[in-house]
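Here are my notes on the model, as numbered points you can check against the coordinates.

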Amino acid sequence: MSEPLQKPAVIRVTSLTRTYTMGSESVHALREVDLDVGQNEYVAVMGHSGSGKSTLMNLLGCLDKADAGEYELNGINTTDMNAASLAHVRNQQIGFVFQSFELLPRVSALKNVELPLIYSNVPFWKRRILAKEALERVGLGGRVTHKPNQLSGGEKQRVAVARALVSGPSLLLADEPTGNLDSATSSGIMDLFEQLYREGQTIIMVTHESDIAAHARRIVRMKDGQIYSDLPTEQDPASEHINAPSFPKEPS
Ligand SMILES: Nc1ncnc2c1ncn2[C@@H]1O[C@H](COP(=O)(O)OP(=O)(O)OP(=O)(O)O)[C@@H](O)[C@H]1O
Ligand SMILES: [Mg+2]
């Protein structure tokens with residue numbers, strides 16, 4: 001039988017290793033991790049606190065450099081890139097969403113979303129259009145002039161998702177995107193991720209929660225800086241949440 005057709009790889013990680021050194025202590029946060037992720041995959045990364053999830057995400061997001069191993073993003077080997085080249089790759093290819101939103105507090109939702117476009121020298125008029133479109137895409141067309149302290153937690157995270165998407169990145173990385181949200185709001189963010197996935201977005205998200213991970217199509221589990229399980233969601237224990245009753249709905 002012939003091999004099934006594989007989608008083009010977005011990520012190819014080989015023997016990726018990251019050791020933090022603090023004085024005479026070494027923390028082996030990532031130990032020779034191998035991971036391939038294809039176009040339009042939706043992957044959840046799970047594991048106990050300290051297992052290396054954020055370390056891996058920071059490397060995938062070109063926010064940090066590995067000590068050893070290789071990282072290819074869309075066929076481009078980033079391993080020997082300097083900080084400026086990595087920043088360029090990050091700006092063009094990667095959207096990052098964090099647990100704590102990381103929005104600029106004093107400026108509007110629109111300005112927050114425009115920010116990555118300023119770094120890539122997109123002209124003012126085009127920034128406005130793209131940022132508005134991104135806010136509309138996440139359901140926040142009516143909150144353009146609001147500042148972060150005038151937005152709910154879920155809305156803040158939507159602004160962060162809009163900012164992550166505004167440059168049209170090939171990869172959306174989310175490190176515990178629902179970690180600061182209640183379950184009903186988390187459910188809304190997961191609906192948004194599902195919509196983005198169906199539109200073709202490649203997504204990798206870290207979560208501690210099985211019911212959040214169950215939204216992904218593939219679940220990678222980490223322990224002590226290594227991947228010990230990598231399965232389609234329906235074969236992972238988190239799959240018991242797939243048919244669970246949905247989160248309580250607001251009374252109408
Ligand atoms: N900047 C750093 N300097 C030193 N050690 C670090 C640093 N960042 C992480 N570590 C250590 O590396 C290990 C992996 O950390 P990491 O943040 O990747 O874990 P995690 O799986 O994301 O955990 P959590 O679920 O708590 O977010 C931990 O032992 C942590 O203490
Ligand atoms: Mg973490």
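1. Ligand shell. Strand S1 (9-22), strand S2 (25-38) and helix H1 (53-60) each give at least two residues to the shell around ligand 1. H1 supplies the largest share, 3 residues. Helices here are DSSP runs of H or I with at least four residues, strands are runs of E with at least two, and both are numbered from the N terminus. Of the 14 residues around ligand 1, the ones that come nearest are Ser49, Gly50, Lys53, Ser54 and Thr55; a residue is near when one of its heavy atoms lies within 4 Å.

2. Ground rules. This is a predicted model, where local features need pLDDT of at least 70, side-chain atom pairs count only at pLDDT 80 or more, and totals for chains, interfaces and linings use all residues. Residues are numbered from 1 along each chain as its sequence is written, chains are lettered from A and ligands numbered from 1 in the order in which they are written, and side-chain values use heavy atoms, with hydrogens and water left out.

3. Polar atoms at the ligand. Ser49 puts a polar side-chain atom 2.5 Å from an oxygen atom of ligand 1, and Thr55 has a polar side-chain atom 2.6 Å from an oxygen atom of the ligand. Taken alone ligand 1 exposes 630 Å², and the protein buries 63% of that. Areas are Shrake-Rupley with a 1.4 Å probe, and for residues only the protein chains shown count as cover.

4. Arg12. You'll find Arg12 in strand S1. Arg12 counts as partly exposed because its relative accessibility is 40%; the scale is buried under 20% relative accessible area, exposed over 50% and partly exposed in between, with a 1.4 Å probe and protein chains only. Its side chain makes a polar contact of 3.0 Å with the side chain of Asp36. A polar contact is a pair of N or O atoms within 3.5 Å; within protein, one must be able to donate a hydrogen and the other to accept it, and residues adjacent in sequence count only if both atoms are side-chain atoms. Leaving aside residues up to four places away in sequence, Arg12 touches Leu35, Asp36, Glu70, Tyr71 and Glu72, where contact means heavy atoms within 4.5 Å.

5. Helix H2. Which residues of helix H2 (residues 83-93) are buried? They are Leu86, Val89, Asn91 and Gln93. The buried residues of H2 pack against strand S4 (68-73), strand S6 (94-98), helix H3 (109-119) and strand S7 (171-175). Gln93 is worth a click: its side chain has a 2.7 Å polar contact with that of Asn74. Beyond residues up to four places away in sequence, Gln93 touches Leu73, Asn74, Pro169, Ser170 and Leu171.

6. Salt bridges around Glu194. The structure holds 12 salt bridges, each a side-chain nitrogen of Lys or Arg within 4 Å of a carboxyl oxygen of Asp or Glu. Glu194 pairs with Arg198, closest N and O atoms 2.7 Å apart. The two are separated by about one helical turn because they sit 4 residues apart in helix H6. Glu194 is buried at 15% relative accessibility, whereas Arg198 is exposed at 65%. Arg217 also bridges to Glu194, at 2.6 Å between the closest N and O atoms. That pair links distant parts of the chain, 23 residues apart: Arg217 is in the loop between helix H7 (210-213) and strand S9 (218-223), and Glu194 is in helix H6.

7. Other bridges. Arg137 and Glu199 form a salt bridge, with closest N and O atoms 2.9 Å apart. Arg137 lies in helix H4 and Glu199 in the loop between helix H6 (183-198) and strand S8 (202-206), so the bridge ties together parts 62 residues apart in sequence. Arg137 is partly exposed at 33%, and Glu199 is partly exposed at 46%. Separately, Arg18, Asp64 and Asp67 are linked in a salt-bridge network.

8. Surface patch. Phe124, Trp125 and Ile129 form a nonpolar surface patch, with about 360 Å² of accessible area together. Patches are made of residues with over 30% relative accessible area and no salt bridge, with like charges joined within 9 Å and nonpolar side chains (Val, Leu, Ile, Met, Phe, Trp, Tyr) within 5 Å. Ile129 is in helix H4 (residues 124-137) and is partly exposed at 43% relative accessibility.
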